[in-house]
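Here's a walk through the model, one neighbourhood at a time. Keep the structure open and follow along as we go.

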Amino acid sequence: MTGWDIPEGAPPLADRLGDGMAKTLIDIDEDALALAMAEFGTSTKVETVNRALREIAQRRRERVDQFMRIALLTADRLAETDVDREAWQ
């Protein structure tokens, strides 16, 4: 087991961290942060970083959902297609 492994039977992440938040010490590009604060109209670094993270996470969820819809539609079309018959036409 490495330091990154979650022990079997451990409570969900949100339960371990309380409200799903964790304190993290990171270096932030101050110029990019100032631009993000202006774009979002936020007044604190925490609010700005959390909003940016949530927006990126939402975009990812939307892309994954779109991919899955396309994959399912494609699978349905393939299931409806008589591949052997259409291959010889």
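Is Lys45 buried, partly exposed or exposed? Lys45 counts as partly exposed, because its relative accessibility is 45%. On this scale, buried means under 20% relative accessible area, exposed means over 50%, and partly exposed is in between (1.4 Å probe, protein chains only).

Before going further, a word on what you're looking at. This is a predicted model, where local features need pLDDT of at least 70 and side-chain atom pairs count only at pLDDT 80 or more, while totals for chains, interfaces and linings use all residues. Residues are numbered from 1 along each chain as its sequence is written, and side-chain values use heavy atoms, with hydrogens and water left out.

Now back to Lys45 and its partner. Glu30 forms a salt bridge with Lys45, and the closest N and O atoms are 3.4 Å apart. The pair ties together distant parts of the chain, with Glu30 in helix α2 and Lys45 in helix α3, 15 residues apart. A salt bridge here is a side-chain nitrogen of Lys or Arg within 4 Å of a carboxyl oxygen of Asp or Glu. Helices are DSSP runs (H or I, at least four residues; strands would be E, at least two), numbered from the N terminus. Glu30 is itself partly exposed, because its relative accessibility is 45%. Side chains of opposite charge can pair when their charged atoms come close.

How many salt bridges does a search of the whole structure find? The answer is two. The other pairing to look at joins the side chains of Glu55 and Arg51, at 3.1 Å from N to O. These two sit four residues apart in helix α3, so about one helical turn separates them. Glu55 is partly exposed, with a relative accessible area of 27%, and Arg51 is partly exposed too, at 34%.

Next, look at the ends of α2, which covers residues 30-40. Just after α2, Gly41 takes a positive phi of about 75°.

Move on to Thr42, in the loop between α2 and α3. Thr42 counts as buried because its relative accessible area is 10%. Its side chain makes a polar contact with the side chain of Thr48, at 2.4 Å. A polar contact is a pair of N or O atoms within 3.5 Å; within protein, one must be able to donate a hydrogen and the other to accept it, and residues adjacent in sequence count only if both atoms are side-chain atoms. Leaving aside neighbours within four places in sequence, Thr42 is in contact (heavy atoms within 4.5 Å) with Ala36, Met37, Glu47, Thr48 and Arg51.

Last stop: the lining of the largest pocket. By class, this lining has 12 nonpolar, four polar and four charged residues. Here Ala, Val, Leu, Ile, Met, Phe, Trp, Tyr, Cys and Pro count as nonpolar, Asp, Glu, Lys and Arg as charged, and the others, Gly among them, as polar. Both α2 and α3 (45-80) supply at least two lining residues each, and the largest share, eight residues, comes from α3.
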